[in-house]
Amino acid sequence: MKPSIPKGTRDFSPAEMLRRNYLFGIIRTAFARFGYLPLETPSMEQLSTLMGKYGEEGDKLIFKVLDSGEFLDHADRDALAKNDSRKFAVSVAEKALRYDLTVPFARYVVMHQHEIVFPFRRYQIQPVWRADRPQKGRYREFYQCDADVIGSNSLVCESELIQLLEFVFSAIGLKVVVQLNNRKLLAGLAEVMGVPDHLTDITVAMDKLEKVGLDKVREELTAKGISAQAMTILEPVLLFKGVTNDKLAMLDSVLATSETGRKGIEEIRALFSMLSNFSFTHLSCELDLSLARGLNYYTGAIIEVKAADERTSFSSSICGGGRYDDLTGIFGLSGMSGVGISFGADRICDVMEEIGLFPESHTSAATVMAVNFDGDPDGSVAALLHRLRMAGVNAEAYPDPVKLKKQFAFADAKGIRYVIVRGDEERNSGMFNLKNLADGTQHTYTAEELIGVLVQKD
RNA sequence: GUGGAUGUAGCUCAGUUGGUUAGAGCGCCAGUUUGUGGCACUGGAGGUCGGGGGUUCGACCCCCCUCAUUCACCCCA
């Protein structure tokens with residue numbers, strides 16, 4: 001048979017893993033620097049934990065795990081007969097692969113509420129799975145790197161998340177645009193339009209404005225039952241051009257009669273005011289009123305990050321996040337507001353790969369390789385390698401006594417920087433030959449000298 | 001779920017209106033060099049042309065089906 005892997009999944013070669021680990025290391029360091037603690041949850045959750053948290057589309061994209069054993073015994077044959085695949089699936093799958101890290105985190109917080117010290121900051125770096133159709137920058141298995149703080153309403157949390165973004169993206173060397181918005185603004189807008197129930201319809205339509213244009217958006221909203229009168233309130237907001245302060249001033253008057261809307265304005269103003277205290281080198285923050293985000297648990301701040309480098313062809317978001325006031329409520333713990341950000345590691349890797357942001361030094365494994373000249377009859381080469389490793393130098397031995405040409409080519413192909421050769425000549429003089437593959441120079445050293453040289457270089 | 005594109009050597013791709021034995025670059029193996037990689041030169045291995053069916057004297061090429069990959073929409077990291 002021809003081997004293959006499931007659509008949208010990938011193998012990562014050693015060269016790719018070295019680069020990925022470089023990125024994960026930066027993100028992990030950043031999380032720790034801001035006081036977040038590590039957490040892991042199972043790959044599988046109860047299907048009921050996940051269903052209904054991500055909107056209608058989200059439910060369809062959850063990978064269900066078929067029950068073990070005689071699942072036909074409890075299968076919903078009625079649903080099967082009626083071609084109700086959703087209902088049937090639920091009857092034979094009680095588990096599912098996690099769709100994101102935020103909902104499992106909320107579940108964890110509720111289950112462990114009595115042992116957690118609040119406000120609780122946790123970070124989590126694990127794969128998630130979505131049954132989407134793969135395309136550029138979209139995979140069915142991908143890593144999210146989440147940092148969330150739960151148990152505080154303070155906008156300090158939002159502010160620190162933005163600082164965290166600067167920490168990571170300046171370390172990587174990638175300039176980004178941080179788009180900010182607030183669900184309360186959108187909710188207030190729906191309120192003054194007199195259609196508070198159509199919040200989702202409005203936000204989805206707003207999100208499309210750039211892509212499809214005003215006419216299509218108008219068409220779509222009309223189809224959803226939004227009156228022409230309501231549209232006259234929405235359109236000036238949609239089409240407004242100006243800097244953040246101008247937008248806020250405009251909203252002051254539009255949302256004057258909505259308490260929620262005024263609260264949203266206040267929060268955004270406060271956040272931008274806090275951010276003005278920092279000088280960011282790789283971030284530019286802007287208020288984007290069309291930013292809605294599909295996940296329906298967000299209630300306050302909404303954050304989205306896009307690469308702002310002309311060399312990249314990626315226009316989709318590489319980070320996303322926001323505040324959720326009551327995600328734990330459905331699991332029985334209310335009044336627990338949280339806010340978090342998620343780094344899309346795979347997309348960030350794709351961008352870094354595209355514009356060459358991975359440093360060269362992260363492309364090889366061992367620093368030094370010992371050539372197998374004649375089987376190392378006195379064991380002196382093996383002994384030297386052992387001492388090198390104990391001294392902290394990454395070292396490997398070529399296992400077979402094949403031609404030197406082949407062994408050198410091997411070391412070169414692997415990106416190993418130094419090669420040790422010990423044949424009769426060296427053994428007779430009690431020395432080791434060390435060759436630098438980068439510049440072609442070589443010297444003979446005693447074991448002590450050689451260890452000293454490599455420890456310094458490493 | 002909807003629409004488009006592409007499947008030829010390990011990889012990236014040529015392949016004339018349908019015509020003899022399907023090519024190139026890179027990579028791989030061997031040699032030039034029996035104690036030294038990169039560079040150069042010489043030689044070599046490697047292909048059910050995604051799979052199945054059809055049209056034809058003859059199909060990599062045309063038609064149908066199928067599978068796979070990929071891009072866009074929807075949505076999202």
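Start by selecting L155, E158, S159 and I162 in helix 7, which meet E267, A270, L271, M274 and L275 in helix 13 (contact: C-beta atoms, placed from the backbone, within 7 Å; helices: DSSP runs of H or I, at least four residues, and strands: runs of E, at least two, both numbered from the N terminus). By class, the residues joining helix 7 and helix 13 comprise 6 nonpolar, 1 polar and 2 charged (nonpolar: Ala, Val, Leu, Ile, Met, Phe, Trp, Tyr, Cys and Pro; charged: Asp, Glu, Lys and Arg; polar: the others, Gly among them).

The model on screen is predicted, with local features shown at pLDDT of at least 70, side-chain atom pairs at pLDDT 80 or more, and totals for chains, interfaces and linings taken over all residues. Residues are numbered from 1 along each chain as its sequence is written, while chains are lettered from A and ligands numbered from 1 in the order in which they are written.

Now show the whole of helix 7 (residues 155-172) and helix 13 (residues 259-275): their axes come within 10 Å and cross at roughly 50° (axes are lines fitted to C-alpha atoms, for helices over the stretch in contact, with angles from 0 to 180 degrees between N-to-C directions). Helix 7 is therefore oblique to helix 13 (under 35 degrees is roughly parallel, over 145 roughly antiparallel, 65 to 115 roughly perpendicular, the rest oblique).

Next, go to helix 8 (residues 183-192) and helix 9, whose axes come within 9 Å and cross at roughly 115°. That angle makes helix 8 roughly perpendicular to helix 9. Helix 8 also passes helix 9 in a right-handed crossing. To see the contact, select L186, A187, L189 and A190 of helix 8 together with L199, I202 and T203 of helix 9. This set holds 6 nonpolar residues, 1 polar and no charged.

Over chain A the average is 90, and 98% of the residues score at least 70. The model scores are ipTM 0.84 and pTM 0.91.

Two backbone details come next. In the loop between helix 6 (102-111) and strand 5 (120-129), find P119; the peptide bond from F118 to P119 is cis, with omega near -5°. Then move to N83, in the loop between helix 4 (77-81) and helix 5 (85-92). N83 is not a glycine, yet has a positive phi of about 60°. Most residues other than glycine have a negative phi, and most peptide bonds are trans.

Last, colour chain A by domain: domain 1 covers 14-39 + 135-355 and domain 2 covers 365-457 (bounds from an automatic or database assignment). Their C-alpha centres lie 53 Å apart. Select helix 15 (residues 380-390) and helix 18 (residues 447-457), whose axes come within 10 Å and cross at roughly 35°. This crossing is right-handed. L384, R387 and L388 of helix 15 make the contact with A447, I451 and L454 of helix 18. Here the classes are 5 nonpolar, no polar and 1 charged.

Note on methods. Two residues are in contact if their C-beta atoms, placed from the backbone, lie within 7 Å. pLDDT is the predictor's confidence in each residue, from 0 to 100. A crossing is left-handed if the near helix is turned anticlockwise from the far one by less than a right angle, and right-handed if clockwise.
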